[in-house]
Structures are given as C-alpha cells and as structure tokens.
Amino acid sequence: MTITIDLSIYPLDLVLRTCHVFMSRCYVTPHTVANGRIAVEFVARDESDSLRDLAGAFSNALLDARLRAVITDETRAIRELLVAQAFCEADLLDRRDIEGDEHTDPRGIAG
Amino acid sequence: MRLHEIAHVEDVDRQLIGRVARTALAAGRADSFLLIENDAPSVDPAGYLGILAFGDASVVAGTPIARGLRHLGYLDDGDVVAVDPNGFVRVLYRRASRHNFILVTEQCNSLCLMCSQPPKAIDDSHRLAEHLRLIDLIDPLTEELGITGGEPTLLRDGFLQLIARCRERLPATALHVLTNGRLFFYRTFAEKLGAIAHPDLVLGIPLYSDIDTHHDHIVQASGAFEQTVIGLQNLDRYDVRVEIRVVLHALSIPRLPQLANFIARNFPFASHIALMGLEMFGLVHKNLNQLWIDPADYQQELREAAGILVNAGMNVSIYNHQLCVLDRRLWPLARKSISDWKNVYLPECDGCDALDRCGGFFQSGTRIRSAHIHPLNTSGGRAV
Amino acid sequence: MSGYGLMPFRFARFDDARTIVVNEAGEHHFLANEDLSRLVMHELPGGDETFLDLKAKHFLFDSDSLAPFELLATKIRSKKAFLDGFTSLHIFVISLRCEHSCHYCQVSRVSSDRRRYDMSEETARRALDLAFRSPAPRLKIELQGGEPLLHFERVSQIVEEAEHRAEEQDREVEVVVTSNLAMLDDDMLAFFRDHGVSLSTSIDGPEELHNANRPRPGNDSHAKAIDGIRRAREALGHDRVAALMTATRASLQCPEAIVSEYVRLGFSSIFLRPLSPYGFALRSVRTTGYSMREFLDFYVRALDAILTVNRNGTYLAETYAQLLLTRMLTPFATGYVDLQSPAGAGIGAVVYNYDGDVYASDESRMLAEMGDTRFRLGNVQSDSYEAIFGGETLRKIVAASVAESIPGCADCAFLPWCGADPVHHYATTGDVVPHIPGSDFHEKNFFIFKHLLSLYERDPAIRRIFWSWIRNEAVQSEEVA
C-alpha cells in the first residue's frame with residue numbers, strides 16, 4: 001500500500017520523521033516521485049495488520065507532526081527565554097519599563 | 001461595644017496616646033492615663049499622661065483630662081487610647097481582645113466591588129507616628145496583631161518601619177497584614193520586607209480569579225492581577241509568608257475550582273488559604289446585583305475547590321458561613337471567625353443545636369442572607 | 001477570534017475524542033480533538049471556557065502581562081529542583097557474597113566463602129570521603145551487596161564513620177541497608193536501632209512464588225524474610241522496614257496474590273518492578289523473562305487490586321505510580337534517579353563498588369561485570385572527586401540524558417513527567433540514546449502515564465486514593481474531595 005504526499009504541504013523532514021515513528025509497526029519505505037511529491041510504501045510486518053489502518057494512522061501522524069512544527073516555530077523563542085529565566089539568578093524578562101521600585105513606581109501601581 | 005466617643009477635654013493641646021491605668025502605677029505613669037470612675041480621684045494623679053474620667057471629676061490644674069465618658073467603661077489596665085484636642089477619644093488597643101489591629105491608612109489603590117472598608121482619598125500618612133507610638137505601648141504579651149487599611153503598603157517606607165518596629169517591640173506577637181500585595185511587584189520592596197526578618201509575619205493577600213481580566217474587574221484596577229501574582233512570587237523569593245484570601249460571591253464562584261487549581265500549582269508555598277463568605281459591609285450594597293449569590297447555591301463549587309486545595313496538602317479555612325448552609329463535608333474547614341463583637345443569631349436559628357459551633361451572622365448581615373437558614377439537630381440534620 | 005500567542009507545549013492524542021496538552025512545567029489539560037487545531041491556528045474564541053482554562057494554565061497568552069512568563073519560569077525551575085545539591089544518594093556495594101541465588105540477580109554470584117569480593121576498610125573510608133564532598137544538604141547512604149550482612153564489620157564501620165562525619169559537618173545523613181534479612185541477628189538489630197538505620201528487603205509475593213524466585217539453601221527465603229521483618233519492626237519501628245518486589249514470569253500470573261501478601265504483611269507501599277536486562281536476569285531470560293507488554297498487563301491487574309485494597313480502607317501505595325502522579329499533578333520535583341532529565345546517573349546517585357571502582361549507576365556496574373567498563377567513572381583510591389564527578393565519562397552520560405534533546409522524546413507530550421536512562425538504553429540497544437518507538441523504557445512509561453490518566457479521569461474515588469498516595473497519608477473517612 002502506498003500513499004503519496006505533497007511536499008509543499010508536508011516538508012520532507014516531517015515525512016521522514018513520521019516514517020521513523022512507524023518503523024516499529026510496519027516496514028515503511030519512502031520513494032521520490034516527480035512534481036514535488038513523495039510516495040510512502042507500507043508493507044505489513046504481521047499477517048493481521050491492516051495496511052489501510054496503518055496508512056490512515058500515518059496520515060494522522062503527519063498532520064500532528066505539522067501541528068507540532070507550527071507550535072515549535074511559534075514558541076521557540078519564548079521557550080528559550082523561559083528556560084533561561086528559570087535557571088538564571090538574574091532577571092531576564094524585559095524589565096526596562098518597570099526597572100523601578102515602590103518609590104519611582106513607573107507602573108503607577110500606587111495609584 | 002463602642003470604640004470611641006466624644007468627651008469634655010481640658011488641657012489637651014495635642015493628640016495624646018497612652019495606656020490605661022485603672023490601677024495606680026508605681027512606674028510608667030508618663031505613658032498612661034489614670035482612669036477614674038468617681039467624681040474625685042482616690043489616687044494622686046501626678047505624673048500621669050492624663051486622666052480619663054467617667055464622672056465629673058474635678059480638675060487638677062494643668063493635667064490633661066477627658067471627662068464625661070459614658071461608653072468606654074470596659075477599659076482596663078494595659079489598653080491604649082488616643083485623646084484628641086477636639087475631645088475625640090478612641091480606643092486603639094484592648095488587651096482582652098483577640099482581634100486588635102492597626103488601621104494604617106484609609107487610602108487604597110484598588111476599589112474592590114465588595115470592599116468592606118471603602119477608601120478615602122485623604123493623605124493620612126502623617127498618622128504613621130501615631131501608629132509607631134501605639135506599637136511602643138502595646139503589651140508585648142499580645143499574641144496577635146492585625147495591620148489593615150485601606151492598603152497598608154502605600155506607606156512604603158512607613159510600612160517597613162511599622163513591621164520593623166513590631167519586630168523590635170513585639171517580637172512574640174504574630175503579625176497578620178491585610179494587603180493587596182500589588183506593590184510587591186517591585187522586587188526591591190519584597191526584598192526589603194524580607195530583610196526585616198520578622199519572626200512571625202503573614203501577609204493576607206486576596207486573589208479572586210485565575211483570569212487576569214476577571215480579577216481586575218472585581219478589584220476595579222487594571223493590571224492588579226499581574227502585580228499581585230508577581231508580588232506573591234517575589235514575597236516567596238524573600239521568604240515572606242503569605243496567605244491567599246478569596247471572597248466568595250457571584251463573580252468568583254463560577255471559576256472557583258479553577259482558581260483552586262491555579263493556587264495549588266502556582267503558589268504551593270502559601271501557608272494558608274482563606275475562603276470567605278461575603279460580608280454585607282461597605283460597597284457590597286452598591287454592587288449587590290453583581291455580587292449576591294445564596295451560599296446554599298454554591299456548595300458544589302466550594303466543595304470542589306476546597307477538595308483541590310486539601311488534596312494539594314494546603315491549609316484551608318472557610319469563614320463567614322453559617323453551618324446550616326455549608327456542605328457537611330466542609331464543616332471541618334469552617335472557622336468560627338466573626339470577631340467577638342459582631343456575632344448575632346436570627347429567629348430562624350431558634351432550636352439549633354449547632355449554635356456554639358456556628359459563627360452566626362454579622363450584625364450587618366442579617367438583612368441580606370441565605371434563604372435557607374434553618375436550625376440543625378445534634379447529628380447535623382435539619383431540626384424539626 | 002481574539003489575538004493570542006502560544007506558550008510552548010506538547011500534545012498527544014489521548015482517545016477518540018480527546019487530546020492531552022502538556023505545558024513546559026508539566027501541567028496538563030484535555031481538549032476536544034478539533035480544539036487542538038483551532039488553538040494552534042489561533043482560531044479559539046476568547047470567551048470560551050476552554051480558552052480561559054488554557055490561558056490560566058499557561059498554554060496561551062493574550063496580553064503583554066509578565067505574569068504567565070514569570071509564573072511558568074518559576075514552575076519550570078521548581079520541577080528541576082532535584083538538581084539542587086547534586087549527588088545525594090550514595091550506594092555502597094559492601095560485598096558480592098550472598099547465600100541466595102535469585103534468578104534475576106543483578107550481581108555476579110559468588111559463593112559465600114570468597115572474601116576477596118568484600119569491600120576493604122580503606123576503600124569504604126575513601127568512598128565516604130567522596131560522598132561527603134557532595135554539596136547535598138541531606139545525604140542518603142544505601143548499603144547493598146550481594147548480601148551486606150555477610151560482611152557486617154564493613155556495615156558497622158560505614159554507619160559509625162558516616163554518623164561521625166555528619167555530626168562534624170552538621171549535615172543530615174540517612175542510612176538504609178538493603179538485605180534479604182536471612183542473616184539478621186539480635187546484635188545487628190541492636191546496632192541498627194542505636195544508629196537509626198532503616199532496612200529494605202525483597203518480598204516477591206506469597207511463599208511459593210517468593211521461594212521459587214529466590215532460592216537459597218533450605219529453600220526458606222520467604223520464612224526468613226518474614227521473620228526478619230517482624231523482628232526488625234519490633235526493634236526499629238514499623239515504618240523503618242520497607243519491601244519491594246521484582247516481577248518474574250511466574251509473578252506475572254498472580255498479581256492479586258502478591259498484593260494480598262503485602263497487605264497481609266502490613267506494608268504501606270509496594271513497588272511493582274519489572275526485571276532489569278542485566279546480570280543473571282539476562283542469562284535466564286527464557287525461564288524468567290517476558291516482554292514489556294506482558295509486564296504492563298500484570299501492572300494493570302496489580303494496580304487494580306491495590307486500588308481495591310485502598311477502597312476497602314487500607315492504605316497501600318504503589319511506589320512507581322506515586323512517583324509519576326506527584327510529577328503529573330503537583331508542582332514539585334521528585335528525585336528518582338532512573339527517571340529524570342537529565343538522568344540521575346552520577347549527578348543524583350553514585351555507586352561505590354566493593355573494589356573501589358565508582359559507577360554512575362547500578363546498571364553501569366553490572367555492565368562492567370559483564371566486561372563493558374564504559375560507564376566506570378574512576379576509582380576511590382586513584383581518582384580525585386573532581387576527576388570522578390567532573391570528568392568526561394560523566395559529562396557524556398549526562399549530555400546524552402537530557403530528554404528535551406532526544407529526538408524521540410523532545411516532542412513527547414509526557415516529556416515533563418518522564419526522563420532518560422542512557423545506561424539502560426545502551427545495555428538494551430547498544431546506544432545511549434533511546435530509539436523511540438521500540439524502546440521498552442518508552443513503552444513502559446508511556447503506557448503507565450496514559451493508564452494513570454484514564455483512571456484519574458474516570459473515578460472520583462480513585463482520584464482521592466491517588467491524592468492520598470501523593471500526600472503519603474491514608475484517606476480520611478469524611479473526605480472533602
């Protein structure tokens with residue numbers, strides 16, 4: 001059973017990573033196809049495996065991988081900042097506008 | 001019980017703050033008012049700060065005197081009063097009370113919809129000296145002292161001075177400060193407070209929602225949530241103990257379990273969580289349509305929230321709830337908290353076997369109250 | 001649609017209807033499947049309860065408030081607090097001698113009369129020197145073997161010297177002796193009592209199963225252990241004696257009986273442990289071995305039996321579940337060296353072998369016994385503290401064990417609750433980095449996380465029990481929650 005994937009929707013590394021995830025369930029072989037597409041061939045390990053189910057699961061996994069890529073791209077900088085802030089003694093978050101104290105009160109907290 | 005009255009004063013040219021002496025003192029007279037009940041002092045009033053007289057005592061020339069007092073007969077040795085030149089006599093501290101507090105300022109930077117002590121926009125920071133003097137006079141054996149307002153931290157350095165003075169003069173007295181904690185958004189302020197290292201200090205800080213806009217609406221101050229939660233973190237960073245207080249009303253009840261989870265995950269260091277029934281004081285009446293919900297109608301949320309906090313190993317107390325409208329399983333968390341001069345009961349309470357365990361009502365809280373008040377029998381069920 | 005930004009999080013499809021999202025600090029939330037894509041595509045409406053829940057749990061932010069960042073950064077830091085204090089668990093292999101010949105033993109069997117497999121006085125002293133160089137405010141010293149009681153003079157030396165140093169340096173030291181208790185006499189008990197030592201032993205289940213797993217001359221391991229437990233509890237206190245079990249193929253058949261035995265013996269915790277792929281376990285894998293799938297079936301049945309025990313009013317916690325639940329449901333860190341990121345090998349726990357060689361973990365030591373010394377950190381006689389704890393070997397192990405950087409782990413929803421064990425991965429696959437999927441380590445933990453979540457979601461009574469394990473106290477009868 002083979003499914004064809006449009007590389008303009010799912011970048012190559014996403015496809016390959018998803019193939020890797022499925023390695024333990026079945027034999028997965030990617031083949032290049034023309035026109036910016038890639039074919040992924042599924043061969044059952046076990047008699048009882050449903051190739052349709054596996055291919056379906058693969059498509060879902062590809063969707064999830066794409067979602068993850070979106071999340072990672074969008075939150076990469078924040079994550080780095082958070083981890084740095086978590087482990088650094090000093091204050092890394094943008095304190096420029098509130099580098100005051102209870103007397104200067106740049107935020108006007110005291111009203 | 002009244003805490004103040006107007007008296008006839010003579011030779012009072014400035015505010016006088018002093019202890020009460022019913023019994024003649026051998027030493028320390030300069031800090032004390034001699035209290036006399038008859039027309040003539042049986043004791044020589046020389047050396048005292050002044051005289052507090054219930055009758056029409058004759059005046060010893062030059063001695064400050066406030067006479068004609070009628071309502072303050074409970075005053076006793078060690079209590080502290082202030083006498084103003086205009087005749088205003090105020091009781092600032094009573095040794096016999098378990099609920100002494102210093103009202104540090106009437107200014108506030110929030111305007112909570114349910115504020116029970118509506119703020120005044122007057123500058124009363126000059127009264128700091130009065131508060132410091134009071135601390136000097138309070139009996140060091142006092143177990144607990146409250147610091148309230150308005151918003152005490154608005155005094156900034158003055159606030160720190162008060163805490164430091166308490167540490168110095170009243171090292172054995174547990175200090176409980178009611179504050180919105182917002183100024184502790186500034187790390188340095190929290191650091192300075194931590195540096196005082198008061199031996200038994202807790203800041204009681206309200207948090208009304210896990211959502212910033214909801215909390216800000218309830219306290220009527222934009223940015224309050226951000227300031228308060230960062231303030232809480234800063235206080236913990238410098239080892240200042242905090243208690244988190246939640247007032248239960250129609251705006252805080254819907255997400256109460258989520259708030260409980262928020263507290264458990266973000267402020268596990270809180271030494272106590274106070275879940276408080278609504279007091280019918282101050283601004284509550286003005287905002288009643290937004291705030292009122294019959295306590296009997298929110299027991300599910302309350303139980304779920306309390307459960308989350310108890311599971312997380314936190315200390316939880318429920319205040320200001322009559323037992324008959326509180327889920328039975330929450331009774332172990334209920335505290336009989338209404339202070340000693342506010343408790344009343346209603347005709348609906350007749351025959352209730354749980355009166356001694358139940359806090360009853362605030363005097364002000366008897367008109368607007370749950371529709372489900374009913375007496376309980378000894379096993380906690382509805383009495384016939 | 002309202003303007004909002006995403007905070008970092010991971011997700012996994014949980015069942016047909018729901019997805020679980022987990023943030024960087026390990027807080028989770030369940031979403032309807034369609035809500036995940038709406039969330040990521042910035043199409044989740046701002047007024048939805050789901051939106052509010054995700055905001056409060058720091059999965060998204062919708063203003064320039066600093067609160068979500070400050071709070072989340074603090075929580076991330078709290079979760080890694082197990083790193084504070086560096087190496088806190090110091091394991092001493094007192095002797096390889098043992099009169100038992102347990103099928104799954106991780107220690108090379110040596111018969112009772114071969115004294116050259118005992119730790120020397122000098123080695124013990126040097127090892128203690130190293131242990132006390134650790135900055136950890138509270139040290140835990142575990143004395144293991146073989147059977148440590150066969151070389152009691154070393155046990156007593158270490159206990160006394162550790163106590164002495166603890167007093168000098170004003171530190172807390174806890175000592176635990178792991179023993180089959182067959183050699184436990186009254187003098188030893190008196191010594192343990194006087195020095196506040198705790199005991200840990202093995203109870204694999206009811207007598208027949210236990211003795212089949214753990215043969216000794218006379219085939220009376222179970223009776224000896226029970227007697228030892230009774231006498232130790234009398235002398236040291238009930239809570240000073242703990243037990244754990246190892247599951248063999250025979251064990252997999254009778255989870256309920258094993259649980260009953262623990263209840264009968266009055267234990268308050270039971271640790272359901274699968275076989276490790278080392279030592280004798282590897283050699284006898286055909287008779288005593290099984291697949292991870294089989295172990296997990298056993299685990300589910302045993303956990304069920306344990307939950308029933310709790311429902312009936314007796315407190316019994318499953319140790320592994322207790323650990324995982326604490327990670328999932330509380331903001332606190334847990335120091336469990338075999339499941340943390342970075343791994344606890346060396347930086348959380350260290351092993352001093354009888355011959356003075358120092359290893360990052362028990363598994364590393366086992367590999368060396370089988371001829372592979374790549375995880376040996378040094379020797380107490382010839383290497384300094386800095387060379388052992390700051391050397392290349394340890395650094396490489398730690399670097400390989402940061403789950404956040406491991407390809408199969410980095411995207412896993414359960415990462416914040418999980419960890420890495422590079423030595424285990426190496427021993428089972430030849431690579432310090434696990435191959436996910438296919439890793440039995442992954443299979444076990446992934447399954448148990450999902451299983452605990454489903455149980456938790458399903459039943460308030462189970463939630464109460466789980467929380468009682470987290471708090472380490474029995475459920476009260478009139479419970480609030």
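## Where chain B meets chain A

The contact between these chains takes 11 residues from chain B and 8 residues from chain A, two residues being in contact if their C-beta atoms, placed from the backbone, lie within 7 Å. The side of chain B that touches chain A divides into 5 nonpolar, 4 polar and 2 charged residues, where Ala, Val, Leu, Ile, Met, Phe, Trp, Tyr, Cys and Pro count as nonpolar, Asp, Glu, Lys and Arg as charged, and the others, Gly among them, as polar.

This is a predicted model, in which local features need pLDDT of at least 70 and side-chain atom pairs count only at pLDDT 80 or more, while totals for chains, interfaces and linings use all residues. Residues are numbered from 1 along each chain as its sequence is written, and chains are lettered from A and ligands numbered from 1 in the order in which they are written.

## Where chain C meets chain B

In chain C, 19 residues are in contact with 23 residues of chain B. Helix 2 (49-56), helix 3 (67-79) and helix 20 (460-471) of chain C are the elements that give two or more residues to this side of chain C, helices being DSSP runs (H or I, at least four residues) numbered from the N terminus. Helix 3 of chain C provides the largest share, 5 residues, and by class the side of chain C that touches chain B has 9 nonpolar, 3 polar and 7 charged residues.

## Two helices within chain C

Helix 13 (residues 319-329) and helix 19 (residues 440-458) of chain C pack at an angle of about 75 degrees, with their axes 11 Å apart. The contact joins C:A321, C:L324 and C:L325 of helix 13 to C:I448, C:F449 and C:L452 of helix 19, and its residues divide into 6 nonpolar, no polar and no charged.

Conventions. Axes fitted to C-alpha atoms, helices over the stretch in contact; angles between N-to-C directions.
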